[in-house]
Amino acid sequence: MLEVEGLTKQFSSGIIKKRNVSAVDCVSFRIEKGKTLGLVGESGCGKTTIGRLILRLVEPTSGTVVFDGIDLFSLKRAELRKIRPRMQMIFQDPDSSLNPRMKIGTSIAEPMKLHDTVPKDERAQKIMELVETVGLNPEHVNRYPYQLSGGQNQRVVLARILALNPDLIIADEPTSSLDVSVQAQILNLMRDLQKKFNHTYLFISHDLEVVKIMADQIAVMYLGKLVEVGETPDVYNNAKHPYTQALLSSRRILLEGETPGPADIPTGCRFHPRCPQRRDKCAIEEPEPVEVGEGHYVACHLV
Amino acid sequence: MMMRISDLKTHFPTPDGIVRAVDTIDLSIRDTETFGLIGETGCGKTVLGLTIMRLLHPATTVEGEIIYKGQNLLEASEAEMRTIRGREIAIILQNPTTSLNPVMKVGEQIAEAIRLHQGLNKKDAAAKAVEMLDAVRIPSPSQRANEYPHEFSGGMKQRVMIAMGLACNPSFIIADEPTKGLDVTIKAQIVELMREMTERKAMLLITHDLSVARELCDRIALMYAGELVEYAPLKGIFESPLHPYTRGFLGSLPERGLVPIPGMSPSLIDFPDGCRFHPRCEHATEVCRREHPELVEFNAGHFVRCHHARS
């Protein structure tokens, strides 16, 4: 369904002394139809940029993204516009994803109007249908986003997306601003919708516990690179990369220091200054991904 | 006993009605324990911290007693409160980015608190500030003291907040969501630091993050709609939770199966009659709709507010 190959994005920074900052560096993964890939990493590691690159909200430096057999980076504006309804994104903060001056019903109608996915005379009925699908009440349609809770607004965002019948949904930390009991409601809803509509998810999160439940496959990202990719149970039960091991909070591994910015990426393995198991080699040579089990790749000299 | 709070009510008048943010709370915190106050957005947990510090708007009505080392803080004069804040009771606020002054050097901000509360001169206070930055393990502290908050990462800013809170060696600390918004690996570092720095102090840890509470707390209370619904030693809450809200809260965690609690928390203006949790409770019966349950001691030290508490 989605194949990402060697995806790279460099931003140039600085006014006088221009230099390139690589936010995403040669990232590859694939997601089968109806499956979920959980992309995990800490703030600033480039995980949001990957989501935006796939949708071409930012233009890539190099690499390819093939969606349902279509090379997205070769598309012209008009062609891209045609395919956009099939790929949708959910953002972190539902309150700022919705127009505060637009009633919920109008907000839900907007994408189907824009892309003309539902005939005009059927729209009102479709809105009611969507409202029910995402677990809102019919009276919510005439309210404004500020009158709804964060969880309810995230349901509105989902209804807006469903109006377009997308195949791929990129969810960028969809529950990180919600309370745990509400988070559970939204995640369950997303899982039900996936079963019902056979959606493919790229689920971006910093929370490994959430990803464990949501994803079939996990990709762990550190400073623009994937350090470990594999089926969810393999990554959880048999994490090989020291960074993945530290992220699995139950192991109680304390890392030193903080993630450096993408402007000063360490030599060799990017993780080596914080790695509890580093060797001399790690500072010099960058590790290549090695297959340690079926579909389980790790970029670390220790494996 | 370090602090005893009884019959505490904090109400705010608003155009929409009276917000009963704290209504009613009774709890005691022992000399060196860490007491975790867990609750979701809008349950009133932050207001409880601000009530103890007396940092609320003058229009707020506060009733009840907060006895700290024998003195009722609610009756203390503003001058007395000024000697208590920082030196006796310190608060570590959430969101260090907005809590720090962006146009003042970090070292000066810490030194300001030290000069105010401990009467040190400028030079000694500055030296003490550097010492505090070192204590919270900020690398090259004397150089970092001369930098501004924007030059610090989120985790480093949180360390500064902790340094500031502990600078005057208070005996009681209120920490309000000290790990909010931090990355997983940084959160682990801050939890470790908090554990070391507060070892021989009493702390009220306000959080919605059970994993943090589990690492740091001796006892835990669950707060729902302005009141405590359950409190017990750490083990009691995690291994034998009694209140349906506590069970629901634990069950909605991803690692425990992601079973949501239906509905949402009530507004603090308009509580449901009877048990405040009954509209969301699968065990609710007639008595729950009618009568507000009292907090009762179910097992030794394990208190619960539920008509149907069972183990």
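Leaving aside its neighbours within four places in sequence, L205(B) is in contact with T34(B), F35(B), G36(B), L37(B), A175(B), A213(B), L216(B) and C217(B). Please keep in mind throughout that the model is predicted.

The largest nonpolar core has 175 residues. L205(B) is among the residues with the most contacts inside it, together with F203(A), I110(B), A129(B), A163(B) and A221(B). Which element gives the largest share of this core? That is helix α7 of chain B, residues 154-166, with seven residues.

Let me turn to the contact between the chains. Chain B contributes 24 residues to this contact, and chain A contributes 23 residues. On the side of chain B that touches chain A, two or more residues come from each of α8 (184-197) and α11 (244-251) of chain B. Of the elements on that side, α8(B) gives the most, with six residues. Sorted by class, the side of chain B that touches chain A comprises 11 nonpolar, nine polar and four charged residues.

I now come to a sheet in chain B. Four strands form an open sheet with antiparallel pairing, in the order β2-β1-β4-β5. The edges are taken by β2 and β5 (71-72) of chain B; each has a single partner strand, so one side of each is left without a neighbour in the sheet. Helix α1 of chain B, residues 45-53, packs on this sheet and touches β1, β2 and β4 of chain B. The direction of that helix makes about 70° with the direction of β2(B).

Within the sheet, strand β1 (residues 3-14) and strand β2 (residues 17-29) of chain B run antiparallel and are joined by 10 bridges. One of the pairs sets L8(B) against its bridge partner in β2(B), I25(B).

β11(A) pairs with strand β12 of chain A, residues 296-298, in the antiparallel sense over three bridges. In that region, V290(A) stands opposite V298(A) in β12(A).

Is helix α1 of chain A, residues 47-54, enclosed or exposed? Seven of its eight residues are buried, so the helix is largely enclosed by the rest of the structure. The buried residues are K47(A), T48(A), T49(A), I50(A), G51(A), L53(A) and I54(A). Just after α1(A), R56(A) takes a positive phi of about 55°.

Finally, the domains of chain A. The domain assignment gives domain 1 (2-215) and domain 2 (240-303). Taken over C-alpha atoms, their centres are separated by 29 Å. Eight residues of domain 1 of chain A are in contact with six residues of domain 2 of chain A. On the domain 1 side, strand β2 of chain A, residues 19-31, gives the most, with three residues. By class, that side has four nonpolar, three polar and one charged residues.

Key
Residues numbered from 1 in each chain as written. Chains lettered and ligands numbered in written order. Predicted model: local features only at pLDDT ≥ 70, side-chain atom pairs only at ≥ 80, totals over all residues. Pairing = 2+ DSSP bridges. Contact = placed C-beta atoms within 7 Å. Nonpolar A, V, L, I, M, F, W, Y, C, P; charged D, E, K, R; others polar. Buried ≥ 20, exposed ≤ 12 C-beta atoms within 10 Å, placed from the backbone. Core = buried A, V, L, I, M, F, W, Y, C linked by C-beta atoms within 7 Å. Domains from an automatic or database assignment. Axes fitted to C-alpha atoms, helices over the stretch in contact; angles between N-to-C directions.
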